[in-house]
Amino acid sequence: MRVRPILLSAAAALAMAALASIAASAIAAPDQVDPAADAKAFKKYFTDKFPKVKLEDFVNGPYSMNEDMRKQWQEKEEFPPYEFALEAGKEMFGKPFKNGKTYADCFPNGGIGIRQNYPYFDEKEGKVVTLELALNRCREANGEQPYSYVKDEMASLTAYMAYTSRGKPMDIKIPGDPRALEAYENGKRYFYTRRGQLNFSCATCHVQSPGERIRAEILAPAYGILNAMPIYRSEWNGMGTISRRFVSCNSQTRAVPLEPQSDEYRDLEYFLSYVANGLPIAGPGARP
Amino acid sequence: MSMTRNTLLALVLLMASAMPALAASEADYKTAFAAAETAEKQADQLRNKWTTTEAHLAAAKKAASSGDFDAATAAAKEAEALAKASIFQATSEKERWKDLEIH
């Protein structure tokens, strides 16, 4: 009977939780939800921490943190690895469904140059609607099967839509609906909550440790982290969406990922996008 | 008489060493697995399952299906311990997440 290893693993997990909470107890918590104040504090935290990084450069993730990586990336951008997905996405976007309609019929401005407005809070539904979700809803409304949320076609479509918004500042609104504020707050809570056996929150890597190495990777700052999505990731050997990024982050902390486009992930995307308001859309991107 | 007692003692020791010490039965496994599953269901309700808990539950089932109830029971107990740790984490994080907040 392996009693000792059992006790050790449980004790280690509990000790990690206790230590992490003690280490972080120096920071006080606010009681009121104030997204504008959060966004201001978020920006200040990262610009204070990395005074040499230009504001618009935060969206380039690890490349904004490390000069050697930046040089490699700039060379790679001459023949970017997301190019095939981008071309495929453009073609898919323009191809009519069986009923003759296209994606352009489902979106404002024909779907061109609108990435910076996603996700948005839908007051009819009372929930956050992401671009990935809106694309699949468009397909279903036109009698087509939805795509996988994590890669392939969805990544290609969002790559094209992001490309048409490149350089436009992220512009996420939180309407006066209390449910929108609640969704934002839920996303914020998800971002800061530790989970998985490794007892990591999103913030552990992307607030406390951006620029640091975790194994061979350099961690990206949370500020503007979604602006370059979707991305071609060498680690994935292919393209991935925001959903894929959330799922793989959870797995890496040894947490069972939630289903893509679950309320929690939608709210998380809402929070992260809102606090990046003003930073340019840079997708599709490439990451190690 | 002394010889008989010594022989008896030797026989008892021989029998004891021949029997598997504290071998887990199928019933032990079922009890341990049920406890682990109950804890994991609670972790699921808290939206905080761990991949390691799931891996140990799967390992317990696999060992049990091959008749290795020692390994199956051990894996189930480890799964229960991990599930309880994930419940502790989710419960404590209900308020502690605020400690990490930027403001």
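User: Where does A:Gly113 lie in chain A?
Analyst: A:Gly113 is in the loop between α4 and β1 (120-122) of chain A. Helices here are DSSP runs of H or I with at least four residues, strands are E runs of at least two, and both are numbered from the N terminus. The model is a predicted one, in which local features need pLDDT of at least 70 and side-chain atom pairs pLDDT 80 or more, while totals for chains, interfaces and linings use all residues. Residue numbers start from 1 along each chain as its sequence is written, and chains are lettered from A and ligands numbered from 1 in the order in which they are written.

User: Why is A:Gly113 called partly exposed?
Analyst: A residue is buried with 20 or more other C-beta atoms within 10 Å of its own, exposed with 12 or fewer, and partly exposed in between, the C-beta atoms being placed from the backbone. A:Gly113 has 17 such neighbours and is therefore partly exposed.

User: Which residues does A:Gly113 touch, leaving out those up to four places away in sequence?
Analyst: They are A:Thr164, A:Ser165 and A:Lys168; contact requires C-beta atoms, placed from the backbone, within 7 Å. A:Lys168 is 55 residues from A:Gly113 in sequence, yet the two C-alpha atoms are 8.0 Å apart.

User: Which peptide bond next to A:Pro119 is cis, and what is its omega?
Analyst: The cis bond joins A:Tyr118 and A:Pro119, with omega about 5°. A:Pro119 is in the loop between α4 and β1 of chain A. Another cis bond runs from A:Met229 to A:Pro230, with omega near 0°, and A:Pro230 is in the loop between β4 (217-218) and β5 of chain A.

User: Why is α4(A) called roughly perpendicular to α6(A)?
Analyst: Helix α4 (residues 83-94) of chain A packs against α6(A) at an angle of about 90°, and their axes are 7 Å apart. An angle of 65 to 115 degrees counts as roughly perpendicular (under 35 is roughly parallel, over 145 roughly antiparallel, the rest oblique). The pair is therefore roughly perpendicular. Among the residues that meet are A:Ala88 and A:Phe93 from α4(A), with A:Ala159 and A:Tyr160 from α6(A).

User: What is the largest nonpolar core made of?
Analyst: This core has 69 residues, and those with the most contacts inside it are A:Ala159, A:Phe191, A:Phe271 and A:Leu272. Such a core is a set of buried Ala, Val, Leu, Ile, Met, Phe, Trp, Tyr and Cys residues joined through C-beta atoms within 7 Å. Its largest share, seven residues, comes from helix α6 (residues 152-163) of chain A. A second, separate core has 24 residues, including B:Ala32 and B:Ala75.

User: What makes β6 and β7 of chain A edge strands?
Analyst: Each of β6 and β7 (285-287) pairs on one side only; pairing needs at least two DSSP bridges between two strands. The sheet is open and mixed, with its three strands in the order β6-β5-β7 (chain A). Strand β5 (residues 231-233) and β6(A) run antiparallel and are joined by three bridges. A:Ile231 is opposite A:Gly240 in β6(A).

User: How many helices and strands does chain B have?
Analyst: Chain B has four helices and zero strands, which gives the pattern α-α-α-α along the sequence. Of its 103 residues, 38% count as buried. Among its contacts between residues at least 6 apart in sequence, 72% join residues at least 24 apart.

Technical notes:
Axes are lines fitted to C-alpha atoms, for helices over the stretch in contact, and angles run from 0 to 180 degrees between N-to-C directions. Two residues are in contact if their C-beta atoms, placed from the backbone, lie within 7 Å.
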